[in-house]
Amino acid sequence: MYNSQQKPLSRREFLKNTGKITVASALTAGLIPHVHAAENNTIKVALVGCGGRGAGAASNAMSVKNGPIKLVALADVFEERIKRSYDNLKKIHPEQVDVPEEHKFIGFDAYKDAMDCLSPGDVVILATPPAFRWVHFTYAIEKGINVFMEKPVTVDGPTTLKFLKLAEDSVKKNLKVGVGLMCRHCEARWELYDRIQNGQLGDIITLRAYRLHGPIGYFASDPKPDNISELLYQTQRFHSFLWASGGNFSDFYIHHIDECCWMKGAWPVKAQSLGGRHYRGNSIDQNFDTYSVEYTFADGTKLFLYGRCIEGCHNEFASYAHGSKGSAVISQGGHTPARCRINKGQDLDKKDDIVWEFSEQEPNPYQLEWDHLIEAIREDKPFNEAKRGAEASLVTSMGRMAAHTGRVVTYEEMLNCEHEFAPGLDKLTMNSPAPLQLGPDGKYPVPQPGINNFEYHISV
Ligand SMILES: NC(=O)c1ccc[n+]([C@@H]2O[C@H](COP(=O)([O-])OP(=O)(O)OC[C@H]3O[C@@H](n4cnc5c(N)ncnc54)[C@H](O)[C@@H]3O)[C@@H](O)[C@H]2O)c1
């Protein structure tokens, strides 16, 4: 369905083609697909990263209707996260949560133990901070396990290159891989995408995206308290640390960037950005409070992205497209419902100019992405979003890097930038030093545009 960013299939094309592609690809690859369609058809699920989204994804998995699914293993670096997620999930899905005490694993290598509870063809959910994604994905591929992983999937150039290779390996193994850019599974956006492809908007000239709200999640962090190690503090508060998440930029803005690029049908070739730190109080995290990015596509089209985490300002959460024949809401007021519509002019506030709007009730894309993944597993349909997820993550890093260095950054530069934020994460133990160290001033280094150039940004 979601083959490549450059020329995605429309939903209708996908539904028409999948049967043919499946047989052909399985034969070409000489694979006997591991299909969960017959007698022993329970799909087992392991959850690595038992936080808010991980538990949400596990619940979505167990809500898929086309056959039995059960949760059999949990892994996290904090015991209380495992307990909380287990208790909550057990209440909602009492029959399907089947995780004995000996299948609850704690530590940086807990992911291996959890995946060892699965068989080829089962699914692992990777919902830790993104820095660990390539480590966990590598093991899943080795074990022949299908994957649902949360976005972003990479935060820098070297891990993106590594990840793109892993994506190829996973395709060769006929694994099904979902990436949590759930907006790609939204029915309303699909219809908008089809209409744009059919020319209803004319040529797309400008895209705009806004994510403006107060501080949320682990956006800001005060100095570490004494009762936790530096490594666990940074791992826990991952939005605050670039090595762990790409900062709030990568974590918060990737959805808007991705949905705009989807509608455009291309990735931008370069970015230039502004951003800065304003009111920080005691916070010593690495984030900027504001970001504005101008992405440029190969044909000169622009995508303008605005991000702000400041209380008391105008709030907006939306993406828009402007074309030579009209304009469109890609999403407005949140990820779901998207409230997609097309206007005949450029003023999206003019209700009289609406020529189309998605009128049906929008099914939840967090559920749809799971329905599609499990359907692909059971029916052996091609389904692998790993490459596209890595590209979306890279384009997001490109905008962030442009803000943090004050330079124009191209796609190729970002991809080939040799700076890896946290090398050796596959060897991390509870006793390892944290990837980021405090400076002599007792603060973590923050990006300094104009001072940190593209070659020098060790840690920022
Ligand atoms: N698609 C979406 O809309 C959406 C929404 C929220 C979060 N997310 C993504 O989901 C991921 C997790 O976010 P969250 O909000 O659930 O955070 P969270 O802090 O609630 O959960 C992360 C969990 O991972 C655990 N963890 C950290 N490192 C680990 C490791 N190496 N091994 C095992 N466990 C580890 C943490 O202890 C924590 O329990 C992020 O990548 C985030 O961007 C996506």
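On a 1 Å grid over the protein atoms alone, a pocket is an open set of points where a 1.4 Å probe fits, with protein on both sides within 12 Å along at least five of seven lines. A molecule sits in a pocket if more than half of its atoms lie within 2 Å of its grid points.

The model is predicted: local features need pLDDT of at least 70, side-chain atom pairs count only at pLDDT 80 or more, and totals for chains, interfaces and linings use all residues. Residues are numbered from 1 along each chain as its sequence is written, and side-chain values use heavy atoms, without hydrogens and water.

**Exercise 1.** State which pocket holds the ligand and describe the shell around the ligand.

*Solution.* Step 1: the ligand sits in the largest pocket. Step 2: helices (DSSP runs of H or I, at least four residues) that give two or more residues to the shell are H2 (52-62), H5 (133-143) and H10 (247-264). Step 3: H2 supplies the largest share, three residues.

**Exercise 2.** Find side-chain polar contacts (N or O pairs within 3.5 Å) of the ligand's oxygen atoms.

*Solution.* Step 1: a ligand oxygen lies 2.5 Å from an N or O atom in the side chain of Asp-76. Step 2: for the side chain of Arg-81, the corresponding distance from a ligand oxygen is 3.1 Å.

**Exercise 3.** Locate the bridge partner of Tyr-320.

*Solution.* Step 1: strands S11 (residues 316-323) and S12 (residues 326-332) run antiparallel and are joined by six bridges; strands are DSSP runs of E, at least two residues. Step 2: the partner of Tyr-320 is Val-329 in S12.

How values were computed
Polar contact = N/O pair within 3.5 Å; in protein donor to acceptor, adjacent residues only side chain to side chain. 1 Å grid on protein atoms, 1.4 Å probe; cavity = no way out; pocket = protein on both sides within 12 Å on 5 of 7 lines; lining within 4 Å. Pairing = 2+ DSSP bridges.
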